[in-house]
Amino acid sequence: MKLTLRIWRQAGPAEPGSMVAYEVPDANPDMSFLELLDVLNERLTLEGGDPVTFDHDCREGICGSCGVVINGQAHGPRALTTTCQLHVRSFSDGDVIDIEPWRSVAFGVLKDLMVDRSGLDRIIQAGGYISAPTGSAPEAHSTPVPKPIADSAFDNATCIGCGACVAACPNGSAMLFTSAKVAHLNSLPQGAPERASRVLNLVEAMDAEGFGGCTNTGECTNACPKGIPMDSIATLNREYLRASLGRK
Amino acid sequence: MSFYRLGDDIADTTAPDVPIEQRWDKRRFDAKLVNPANRRRHTVIVVGTGLAGGAAGATLAEQGYHVIQFCYQDSPRRAHSIAAQGGINAAKNYRNDGDSVYRLFYDTVKGGDFRSRESNVYRLAQTSTQIIDQCVAQGVPFAREYGGLLDTRSFGGVQVARTFYARGQTGQQLLIGAYQALSRQIDAGGVEMHARTEMLDLIVIDGRARGIVARDLITGEISTYLADAVVLATGGYGNVFYLSTNAKNSNASAIWRAHRRGAYFANPCYTQIHPTCIPRSGDHQSKLTLMSESLRNDGRIWVPKNPGDTRSPDQIPEADRDYYLERIYPGFGNLVPRDIASRAAKNQCDLGRGVGPGGLGVYLDFADAIKRMGEAAVREKYGNLFEMYDRITGEDPYKVPMRIYPAIHYTMGGLWVDYDLQSTIPGCFVVGEANFSDHGANRLGASALMQGLADGYFVLPPMLGNYIASTKLDKVDASHPEVTATVAEATGRLDRLLSIDGERTVDSFHRELGEILWNECGMARTEDGLRKALGRLPELREEFWRSVKVPGSGASLNQSLERANRVSDFLELGELLCVDALHREESCGGHFRVESQTPDGEARRDDDRFAYAAAWEFGGTGGTPVLHREPLEFNYVHLAQRNYA
Ligand SMILES: Cc1cc2nc3c(=O)[nH]c(=O)nc-3n(C[C@H](O)[C@H](O)[C@H](O)COP(=O)(O)OP(=O)(O)OC[C@H]3O[C@@H](n4cnc5c(N)ncnc54)[C@H](O)[C@@H]3O)c2cc1C
Ligand code: SF4
Ligand code: FES
């Protein structure tokens, strides 16, 4: 397959960037999208050019490292699929593919397709945990957790922290990411003691990081490779209201 | 010419000489303590944020130490522990099915093919129960039954259901638990976290580990970090084979640089090959993806009887198929242990009966299961795995049999450590997959997560405290000659990589290295093959330093330079891997020497000559490594040959 890749090139955080076109005449449908970039990079290296910088690690859809905007869509055209799990067979011979970094106020571009997502870590640091110092835990079976609650906590805990929700949101909101953590921990009995402070602190940190507000456009959940639902945002809002009333 | 020298034997002198079930208590009781008020004044470096490092960093900070922690990813949450699927073992015996600490200990020693240290394994089994309690308290959403209690399943050929799991994402959930505990400490100021920062070298002063040299991957800046002790939690070295189920950037540089500075490297040839991975689809392949072993519970493995049969699988009648595992191992059938299943697949492909691109694959067929259980039941059980397979291969396993092939998955070898998890460099501790401690020649499924968390949460912290409390350390600063020399060396190495400007890419060297190792030091190893590899590898290393092309500069973000630096270490490690494999003239666990097999083709150990751990001392680049043997004694589990026929 012959593909044309138009890739955002930017030398550093303060440098100007632009789209640059590259031909890949020998793309194989069975390649993953990142392997397509590998092949291009091997060629650029040998030609004395500058290979394209992008984040990636596990290449199996679980670490959350990868992520680019492909033809305007965060993680590309396939639903519930990270960039690394997307394959060239999702495209057609002769296609022109635009590849850009996550764009959002809170995510600065570091180089080419790589951005700074450390704001997401700081949201978790603000209270996205259960305080359980090592060694202090009671016997695991002392607190049964009803299966539906455990399952829903699990569904929310599958968030990989990729930031696609933020990139897809017209407001650059990190609401889906934050709500997944609130819904994971606040629903569990173990998370109950810190339930109110957790939601208030997470929301405060989210705002402080410069993420935008949520206007329920739903673009986040469409882009999310793990299918975190809008319900989680409703849960966050409920928890927030409950905590704010309690605080007064 | 001899490819190694024999040095003095080595021994673990830290496990107390009391009955095995009392050892860990006694060791902890004898350990010196650091006064809580003083801990803040002690700095500990932790390299790595996977299960082992994340758990260690969080726990040490909770105890009051000042922790400086590193990972190469942009967030500590992305360590490769995140990718573990199956589960984590613990001797809780919630099922009342006869499990116990002793049985988990027994299974692990036997599963390791009698090449692990009994004391360590016993402690691992003892600690396992606490891990589950700890993780549940953190909010890890393990699978539960309708009554609200934890669900377990049996895994990897053991007869009790002791594996706790969170759907197919156990590693992710456990790591998020550790990451959150670590995040809490970062927020509290106990952990100074440096993400996107890669350790380049270990600083050793007066024979003790006192810090690291690290490079900020964004700015390229090289800095030194000094401490009272250094903990390496940098994961396994499976990527020495280029293609493996490890993450793309997993590397051996941290442990290899420590090895060069004096830490012995134990049993590098013990590598685990997982039988059910998705085969490679072409030359562009950059990594391999594991499909959970659980698929073998219902899928049937077969190849066409006739070599070169190119008919599509649905056109091949039963009479022309060979369900070779069921034929050769009627007792266990498709459920034989990993190493046996892997080797059998290779043998079939060597006979020309492999399927798919390059003939490197075998079928894993669910047609019978679908007939027996119905498609809905199969979907319920394996739906997410089938989807993953479909996403990667573009084939629908409900309609066409899956194609699978073995791939490198885990490395049992690693830096040698004593019972305290301290390497041969005092003050340098090693935890998780990076050490060699618990799995002998073969790791059982669901035991790596257990080991990483046991090391990080429970074993390392008291032993590190003991080291700090019992060691008088002089103050050092960045102007110390050893520090400046180590920085100069690390910087010089990067400068050299950048200056070569040759004609081959880093990846092309890495691929060639991987191919040599996979062919000669993979599933089946022979003296001839290993000697051939040992002839070629030094040439490849020299060629690399002569003709690698690394674009860009060291003073900014440069992923080619990061890779080149890692591959330069893999090239050296690859040689030691082959030396170890060549010297061990027996088959055991993941190490199969063709010369040492039973008449029916099974692995044959040689306990008289090889019941020891091989701890290698660095002999210089291209030099002769020195072997130190740690004799292994089996006082509790009696030496016996495995038999799965
Ligand atoms: C696909 C897959 C499935 C698996 N499934 C299971 C399972 O079901 N059950 C089970 O028990 N085991 C399983 N394993 C094995 C298990 O996941 C690993 O052995 C274990 O998670 C390793 O943990 P770790 O903490 O030692 O290292 P890792 O999680 O690999 O962490 C390494 C850390 O070190 C850092 N690092 C590395 N080098 C440097 C450097 N030079 N400088 C700075 N930082 C560095 C990395 O950034 C990372 O934070 C699986 C493994 C794979 C690959
Ligand atoms: S909510 Fe979804 S899109 Fe957002 S970070 Fe988590 S996994 Fe990624
Ligand atoms: S590289 Fe890990 S999710 Fe894509």
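Q: What distance separates the centres of domain 1 of chain B and domain 2 of chain B, taken over C-alpha atoms?
A: The separation is 28 Å. Keep in mind that this is a predicted model. The domain assignment places domain 1 at 274-409 and domain 2 at 492-608 of chain B.

Q: How many residues of each domain are in contact?
A: Domain 1 of chain B brings 13 residues to the contact, and domain 2 of chain B brings eight.

Q: What does the domain assignment of chain A give?
A: Chain A is assigned domain 1 (3-111) and domain 2 (118-244). Their C-alpha centres lie 29 Å apart. Here 16 residues from domain 1 of chain A and 18 residues from domain 2 of chain A make the contact.

Q: How do I read a nonpolar core, and which members of the largest one touch the most other members?
A: Start with the general idea: in soluble globular proteins, nonpolar side chains tend to be buried together. Now the case here. The largest nonpolar core has 152 residues, and B:Leu202, B:Ile212 and B:Leu232 touch the most other members. The biggest contribution comes from helix α16 (residues 559-583) of chain B, which gives 12 residues. Domain 1 (274-409) and domain 2 (492-608) of chain B each supply at least three residues to this core.

Q: Which residues does B:Ile212 touch, not counting residues up to four places away in sequence?
A: Go through them by stretch of sequence. B:Ile212 touches B:Ile45, B:Val47 and B:Phe70, among others. Its contacts also include B:Met199, B:Asp201, B:Leu202 and B:Ile203. Further along the chain, B:Ile212 touches B:Ser223, B:Thr224, B:Tyr225 and B:Val230.

Q: Which residues does the second, separate core include?
A: That core has 42 residues, among them B:Tyr122, B:Phe142, B:Leu174 and B:Met450.

Q: How do I read a helix, and why is helix α7 (residues 253-260) of chain B described as largely enclosed?
A: The general idea: an α-helix has 3.6 residues a turn, so residues three or four places apart point the same way. Now take α7 of chain B. Seven of its eight residues are buried, so this helix is largely enclosed by the rest of the structure. The cut-off for buried is under 20% relative accessible area. The buried residues of α7(B) are B:Ser253, B:Ala254, B:Ile255, B:Trp256, B:Arg257, B:Ala258 and B:His259.

Q: What follows α7(B)?
A: B:Gly262 follows, with a positive phi near 125°.

Q: Where does A:Ser65 lie, and what is it in contact with?
A: A:Ser65 is in the loop between α1 and β3 of chain A. It counts as buried, because its relative accessibility is 4%. Leaving aside neighbours within four places in sequence, A:Ser65 is in contact with A:Asp55, A:His56, A:Asp57 and A:Arg117 in chain A, and with B:Arg78 in chain B.

Q: Where does B:Gly601 lie?
A: B:Gly601 is in the loop between α16 and α17 (607-610) of chain B. At 26% relative accessibility, B:Gly601 counts as partly exposed. B:Gly601 and B:Leu582 are 19 residues apart along the chain, and their C-alpha atoms are separated by 19 Å.

Q: What do the overall values for chain A come to?
A: Its secondary structure comes to eight helices and seven strands. The C-alpha atoms of chain A fill a box of roughly 60 × 35 × 35 Å along the principal axes. Of the 248 residues in chain A, 58% are buried. Take the contacts between residues at least 6 apart in sequence: 68% of them join residues at least 24 apart.

Key
Residues are numbered from 1 along each chain as its sequence is written. Chains are lettered from A and ligands numbered from 1 in the order in which they are written. This is a predicted model: local features need pLDDT of at least 70, side-chain atom pairs count only at pLDDT 80 or more; totals for chains, interfaces and linings use all residues. Side-chain values use heavy atoms; hydrogens and water are left out. A nonpolar core is a set of buried Ala, Val, Leu, Ile, Met, Phe, Trp, Tyr and Cys residues joined through side-chain atoms within 4.5 Å. Buried means under 20% relative accessible area, exposed over 50%, partly exposed in between (1.4 Å probe, protein chains only). Helices (H or I, at least four residues) and strands (E, at least two) are DSSP runs, numbered from the N terminus. Domain bounds come from an automatic or database domain assignment. Contact means heavy atoms within 4.5 Å.
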